[in-house]
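Hello,

Here is the structure I promised to pass on. Please open it first, then read the notes below.

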Amino acid sequence: MSAVEVEHLSRRYGELEALADVSFEVAAGEVVALEGYRAPSGGTARVLGEEPGRAGRAWRARVGLVLQSTSLDPQLTVGEALGIFAALFPRPRPVDEVLELIDLAGEAGIRIGRLSGGQRRRVDVGLGIVGRPEVLFLDEPTTGLDPAARRQAWTTIEGLTEAGTTVLLTTHYLEEAQRLADRVLVLAHGRLVADARPGQLRGEAAETVIRVPLPPGAPTADLPPALAAGADPGAGRLVVRTAEVTAALDGLVGWARRHRVELAGLEVGPARPASRTPT
Amino acid sequence: MSSPARRPAPPRLPGIWPTLAGQVRYQLLLLGRNPNALVAGVLLLSLTATGGGRVPVAALAGRVVLGVTLIAYLTHAVGLVAAREAGVLKRWRATPLPRWAYLAGRLGATLVMALASGAVTVLVGVLGYHARVGPGAALGLLIVLASAPSPGPRSAPRSAP
């Protein structure tokens, strides 16, 4: 069984289609970064085999959540908050171990209200992992942090992944996804446009190739400059090699929507010969 | 430490009584660190009791009721709304704690505080102002306490979206 199974998620905000039939799975022990995600209104998502809205306490004890827009009681000390949360779980991590993981061992006796934003975020991550979750969700764990605090948060998350926890994190920073994730899912205009190893997304070893068949008469003149060079209306296809995959896909999908071109057969893969032949 | 292959059923969750006790302790800790309610419900009240001579039991009873009401309002109602606004409740929702257990923890802590407030007010009345408190007054105090966390202040959070 996969740790996370997502089927046909959709979400609309008026005209804007934020999620359009998005499906993916996350295997146990995998660290997956999601870019451009929105909360769905339709479709099913199962975590550890259960639908989150219906699952009970025992299930919630196996899942760790670190959300945005939550806050912690400023009157509690870091150690107290971790202890209070630990008491809710069947076999919590020892508080000292969590303090080490979030690199706040020296701040255990300090009230949360006195901590910096980055430290507070790490306490939040600590509360998410104190119950030894099998699956951990991190919703933009470093948004709003300065670069030093961000690197520190990354070190914390890397420590967790060594322990075998499945992690699903959303982020707007490609750099973050590359540093932390085994696998990166990119959503653009509501569609899952890439599912790749981080190295494939921005050329460390190789560039990435985007291939898509073009229907006859597609208005290629209007393509973004970076893509126009790769369009071959005669052969009926567009092939682009790029190191900036997210930007290229974003441009491509935007163009396709403006002109109502269906991107059926779109492929994103490493620049070396793909294992699958393009259609 | 733990390998990725974890199949066995998870161990049992902590029992509900220890969980509730933990919640009450947690809320009392918060109240102790944020003593507005205690100041308003006990200290301020004791100050209003100045003036020479003996305090009639009825006046003392009135102060107890005022103190308990202030505490119930300032700790339970205001605190709950504040926690909700700040996103503290959302943080708890992401844990195995049942929603009602959080509320029960707040109620428990409020009750303990109200009891303490009532006791201190009566004590000040008796020792400082020679109020005569009999068994009937004790019964009245119990009734007041029993009604302290009831719907009045609790309906306040409804207005939030």
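**What is in it**

Buried residues account for 40% of the 279 residues in chain A. Please keep in mind that this is a predicted model. The secondary structure of chain A consists of nine helices and 13 strands. Its C-alpha trace spans about 70 × 40 × 35 Å along the principal axes. Take the contacts in chain A between residues at least 6 apart in sequence: 70% of them join residues at least 24 apart.

**The four-stranded sheet**

Chain A has an open sheet of four strands. The order is β11-β12-β10-β13, and the pairing is antiparallel. Which strands stand at the edges? They are β11 (231-232) and β13 (267-270) of chain A. Each has a single partner strand, so one side of each has no neighbour in the sheet.

For β11(A), the pairing with β12 (residues 237-242) of chain A is antiparallel and runs over two bridges. Look for A231(A) there: its bridge partner in β12(A) is L238(A).

Helix α9 (residues 245-258) of chain A lies across β10 (208-213), β12 and β13 of chain A. Against β10(A), α9 runs at about 15°.

**The core**

The largest nonpolar core holds 99 residues. Which of them touch the most other members? A81(A) and L249(A) do. Helix α3 (residues 57-86) of chain B gives the most to this core, with 11 residues.

A81(A) deserves a look of its own. Leaving out residues up to four places away in sequence, A81(A) touches L72(A), L76(A), I112(A), V123(A) and L127(A).

H8(A) is not a glycine, yet its phi is positive, at about 55°. This residue is in strand β1 (residues 4-13) of chain A. H8(A) has 14 other C-beta atoms within 10 Å, so it counts as partly exposed.

R260(A) also is a residue other than glycine with a positive phi, near 50°. You will find R260(A) in the loop between α9 and β13 of chain A. Is R260(A) buried or exposed? It counts as exposed, because it has 6 C-beta neighbours inside 10 Å.

Best wishes

Conventions: Residues are numbered from 1 along each chain as its sequence is written. Chains are lettered from A and ligands numbered from 1 in the order in which they are written. This is a predicted model: local features need pLDDT of at least 70, side-chain atom pairs count only at pLDDT 80 or more; totals for chains, interfaces and linings use all residues. A residue is buried if 20 or more other C-beta atoms lie within 10 Å of its own, exposed if 12 or fewer, and partly exposed in between; C-beta atoms are placed from the backbone. Two residues are in contact if their C-beta atoms, placed from the backbone, lie within 7 Å. Two strands pair if DSSP finds at least two bridges between them. Axes are lines fitted to C-alpha atoms, for helices over the stretch in contact, and angles run from 0 to 180 degrees between N-to-C directions. A nonpolar core is a set of buried Ala, Val, Leu, Ile, Met, Phe, Trp, Tyr and Cys residues joined through C-beta atoms within 7 Å.
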